[in-house]
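Hello,

Here is the structure I said I would pass on. My notes on it follow below.

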Amino acid sequence: MTAIAEPTSQGTAQGARTLQNFIGGRWVDSSGTDTLPVYNPATEEVLAHVPLSNADDVAAAGRAAREAFKEWSEVPVPERVQSLYRLRTALLDDREALVRQISTENGKIYADAAGEYRRGIEVVEFAIGMPSLIAGYNVETVSRGIDTMLERYPLGVGAAITPFNFPFMVPLWTLPIAIAAGNAFILKPSERTPLSAELIVRLCQEAGIPDGVVNLVHGAADAVQGICADPNIDAVSFVGSARVARIVYEACGRNGKRVQALGGAKNHIIVMPDAVIDRSVENLSESAFGNAGQRCLAGSVMTVVGDAKDTVLPRVVERAEGIRLGFGLDEGVEMGPVIRPDARERIHSLIQQGLDGGAEMLRDGRTAVPDRGFFVGPTVIGIQPDSVLASEELFGPVLSVLKADTIDQAIELMNTSNEYGNAASIFTSSGKAAREFRRGTPAGMIGINVGVAAPVAVFPFSGHRNSFFGDLHVTGRDGVDFFTRKKTTTTRWF
Ligand code: NAD
């Protein structure tokens, strides 16, 4: 059991220490001298200071990982996954501390943090199947007297660069799959939420994963540039905003690295007049306002078709009014803050731009928020398709509402009003409408009466357009392919 202090809305005994990198099995100071504060965004308390590591720190991690890879890739795969069984046990044993850490550094409420925790462990459980997942295939007698087989080999060193909004789950989208497949791994977590990642790495150490197989480098843009250029790193998995996803994708491409870069989102929800109202309202409010709208699968634009504007929309506004804000570990709190003051200001500014462009405020979340913490309340705004609120990702608890007469019109709006393609949902009782929607949406993760269509770990997390740059997605079989190199051998015996 890892000893971490118990956070409360009054503060934590943890103190504002400066975090260290974990390289080659040792906790070491970063060579970067600058640091940033890590906040509890609900209380504004400083939890720690994160060092801004540079390319030298990344290079040290790259060398340690390259060295560890030599032995780790020789460990038989059934033996490698024994480490993951131990890691899973350690993660399960530390549940309470981990869930509370996620909530404290990110601001999400306990129930959301518990959901994230479970979704992270799911990937460890998936990766434990690596002895089967990594299996190749063969064709006997592909020509006369000739057989061909395909084998998957580990790639070498993989690195993951992760965002603030799922500080536990997103590092675990790649870490277990990469190491079970025989690679060494470097994690560069978000500088705004680095504490859950630190706990994961400590538990990897506790689980006996050999030195250098899992490394941690804190930091921001400089560390990321170092990762994209480091010759010891073979593959880079990035999750974050579309702007940075593109930078990472291009830099890795220039340097000949395998790369997957998951970007931002602007997810549409279409509500048909035949939707089951009570269940739909609860589900789509959760999609828009859960995690304070800071999910890449959050519903951001709701298109009400026909009568749904009179039956569903008023209920969504009413639900938004009732949501209680506060520190996610306090009793009865339903929604936490956004991550930082600059995020709050950006959201306020986009709301204002929308209003200046003719949008109609239906529920204003900019006022009546707690005095302390970086809060934006649930907001609902009626917009036109050309509004900035239809095209820009806000990443906050703001639901923009469009109106349409038919499903075809609603699908058209979804396709043309923004350039993302992460998730999309429809609420309906009609199989025909659901089918049309599935075929017509540009999004890769589709919900039918499901507001947050997050696939479980056996499936790929499959965004498109500006929500994803690359080919192989994270998790599922794509995840295994991403972290392995295929070879075919064609054999003839004389
Ligand atoms: P971000 O792009 O600001 O940061 C992501 C990572 O990039 C961090 O580790 C950060 O240190 C690094 N970074 C930031 N600026 C950089 C720069 N200029 N150069 C190089 N690296 C840089 O994203 P965020 O605010 O932490 O996370 C929220 C975003 O992530 C949202 O856009 C959200 O939609 C997206 N997201 C997408 C998915 C998905 O699956 N598509 C999942 C989660 C989050």
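Thr18 has His49 in strand 5 as its bridge partner. Strand 1 and strand 5 (residues 45-51) pair in the parallel sense, over two bridges. Pairing here requires at least two DSSP bridges between two strands. Helices (H or I, at least four residues) and strands (E, at least two) are DSSP runs, numbered from the N terminus.

This is a predicted model, so the cut-offs matter: local features need pLDDT of at least 70, side-chain atom pairs need pLDDT 80 or more, and totals for chains, interfaces and linings use all residues. Residues are numbered from 1 along each chain as its sequence is written, and side-chain values use heavy atoms, without hydrogens or water.

The sheet is open, with three strands in the order 1-5-4 and mixed pairing. Strand 1 (17-18) and strand 4 (35-40) are at the edges with a single partner strand each, so one side of each has no neighbour in the sheet. Helix 3 (residues 95-106) lies across strand 4 and strand 5. Helix 3 runs at about 110° to strand 4 (axes are lines fitted to C-alpha atoms, for helices over the stretch in contact; angles run from 0 to 180 degrees between N-to-C directions).

Strand 1 has a further link. Arg17 forms a salt bridge with Glu198 (2.7 Å, N to O). Glu198 is in helix 7 (residues 195-206) and Arg17 in strand 1, so the pair ties together parts 181 residues apart in sequence. The whole structure has 23 salt bridges (a side-chain nitrogen of Lys or Arg within 4 Å of a carboxyl oxygen of Asp or Glu).

Now the domains. The assignment, automatic or from a database, gives domain 1 (21-263 + 467-491) and domain 2 (267-448). Their centres, taken over C-alpha atoms, are 31 Å apart. About 2,200 Å² is buried between them, 58% of it from carbon and sulfur atoms. Buried area is the accessible area (1.4 Å probe) that two parts lose on being put together, summed over both.

What is the count of salt bridges between domain 1 and domain 2? One. Arg295 and Asp112 meet in a salt bridge at 3.5 Å, N to O.

Best wishes

Key: Contact = heavy atoms within 4.5 Å.
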